[in-house]
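Dear colleague,

My notes on what was found in it follow directly after.

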Protein chains: 2
Amino acid sequence: MKKAVVLYSGGLDSTTCLAIARSEGFEPYAMSFAYGQRHQAELKVAREYAREMGAQDHMLVDFDLRKIGGSALTSAIDVPKDGVGSDIPVTYVPARNTIFLSFALGWAEVLRSFDIYIGVNALDYSGYPDCRPEYIAAFETLANLATKAAVEGTGQYRIHTPLIHLTKAEIIRRGVALGVDYGKTHFCYDPTPEALACGRCDSCRLRLKGFAEAGVKDPVRYAVRGEE
Amino acid sequence: MKKAVVLYSGGLDSTTCLAIARSEGFEPYAMSFAYGQRHQAELKVAREYAREMGAQDHMLVDFDLRKIGGSALTSAIDVPKDGVGSDIPVTYVPARNTIFLSFALGWAEVLRSFDIYIGVNALDYSGYPDCRPEYIAAFETLANLATKAAVEGTGQYRIHTPLIHLTKAEIIRRGVALGVDYGKTHFCYDPTPEALACGRCDSCRLRLKGFAEAGVKDPVRYAVRGEE
């Protein structure tokens, strides 16, 4: 079985992405990051659920993007709760996907894997520059110049983005079909002290809208259910 | 003054690179990495010398590439001491420059800087895929797609590689002209317990050859002076 490195946060998108990698015949190696994000609940979930979802191994890489700042997810900027806007959101973390993909590339090289999965989505996160198809294509080009395998001609890296053109509803339907238990996926930018999802941040709103459109009941518990 | 992020290890090349960035009119922001490299002496030097060399700020980013492995610099593979070969050396660290440049890009974005300096060299390190001009060009393309500024059109990132086509002797002459004190630059892959440079690893051999060719006395103390 061919190996694939899957960027995996324990959230809805990356959990679905892991299930898709497996369904496409890869042995998934899940990679998560503790980067100083506000709440680390997602990492606990990621650790517990990665193996259950069929990951062969799970690696947690630890660094602190709070030193760099510039995002509501890693600094003192407030997480917005008044709806999804059209500008680049303050929850955008400078260079985050580039950093994540770089570590994935390093692990892939050591594993002799040429396949990296990342659950970026260009519809819901159109404001994030590093979720766009042209960005992913540029990283793939880079990967094929950056590595030993590139020089030695032993393989071609491919960055898989199976969710990039799917709506949240389509992602959820796809995951349900593959047996993903969405009760175990965590995703809220600003959970309550009781670990309930806030129901009002961008991530909660997009998720609730997705479940509503998919006609699937969201098993997660919310403090408030946004605009529902 | 325009800001530039300078990748800075405290070694000969990156110290010269920092001096060049300053001489080219930039206010340097030095960035170093504790990535689980065998010896951390270079980080101590980096911390002490960055400000002295005119850096406005110095950021140390901490993560552990030993988890990923695959290199003599981060795992139990022996550092070779029998001369510089033509293959990709075992001291190559998978995706290291991609990871370094990704963090530099994140910091640059927060600083509103569009200039990143990296002291890669395509002559002495021709075996490293991520020291080649085509790799650097691909990262520059990526940077201009990865960031807010790319989407908003407020600036163009440039990856500066002032050493890329210089011989070690030329780098040393350039640094001496800019006032670099090479007695403070550390670089050996495998120093002795007394913190003497080994004189036999690739890095020591290339440095000693460079100083000999430049006709400059190397102020660093060696255990053995390679093939001299």
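Helix 1 of chain B is mostly covered, with 11 of its 12 residues buried; a residue is called buried if 20 or more other C-beta atoms lie within 10 Å of its own, exposed if 12 or fewer, and partly exposed in between, with C-beta atoms placed from the backbone. The buried residues of this helix are B:Leu12, B:Asp13, B:Ser14, B:Thr15, B:Thr16, B:Cys17, B:Leu18, B:Ala19, B:Ile20, B:Ala21 and B:Arg22. Helix 1 of chain B covers residues 12-23 and reaches 17 Å from its first C-alpha to its last, close to the 16 Å expected at 1.5 Å a residue; the expected span is 1.5 Å times one less than the number of residues. B:Gly25, with a positive phi near 90°, follows the helix. Helices (H or I, at least four residues) and strands (E, at least two) are DSSP runs, numbered from the N terminus.

Please note that this is a predicted model, in which local features need pLDDT of at least 70 and side-chain atom pairs count only at pLDDT 80 or more, while totals for chains, interfaces and linings use all residues. Residues are numbered from 1 along each chain as its sequence is written, and chains are lettered from A and ligands numbered from 1 in the order in which they are written.

As to the fold, chain A contains 7 helices and 5 strands, arranged along the sequence as β-α-β-α-β-α-β-α-α-β-α-α. Of the 228 residues in chain A, 52% are buried. Among contacts in chain A between residues at least 6 apart in sequence, 67% join residues at least 24 apart; a contact requires C-beta atoms, placed from the backbone, within 7 Å.

The 5 strands of the open sheet in chain A have the order 3-2-1-4-5, with parallel pairing, where two strands pair if DSSP finds at least two bridges between them. Strand 3 and strand 5 (158-160) of chain A stand at the edges with a single partner strand each, so one side of each is left without a neighbour in the sheet. Neighbouring strands of this sheet are turned by 25° against each other on average, direction ignored.

Within this sheet, strand 1 (residues 2-7) and strand 2 (residues 26-34) of chain A run parallel and are joined by 6 bridges. A:Lys2 stands opposite A:Phe26, and A:Val5 stands opposite A:Tyr29. In strand 2 of chain A, 7 of the 9 residues are buried. Helix 1 (residues 12-23) of chain A lies across strand 1, strand 2 and strand 4 (115-117), at about 160° to strand 2 of chain A; axes are lines fitted to C-alpha atoms, for helices over the stretch in contact, and angles run from 0 to 180 degrees between N-to-C directions.

The contact takes 37 residues from chain A and 37 residues from chain B. The largest share of the side of chain A that touches chain B, 9 residues, comes from helix 3 of chain A. For chain A, 100% of the interface residues are also interface residues in chain B, so the copies meet through the same surface.

How values were computed
Contact = placed C-beta atoms within 7 Å.
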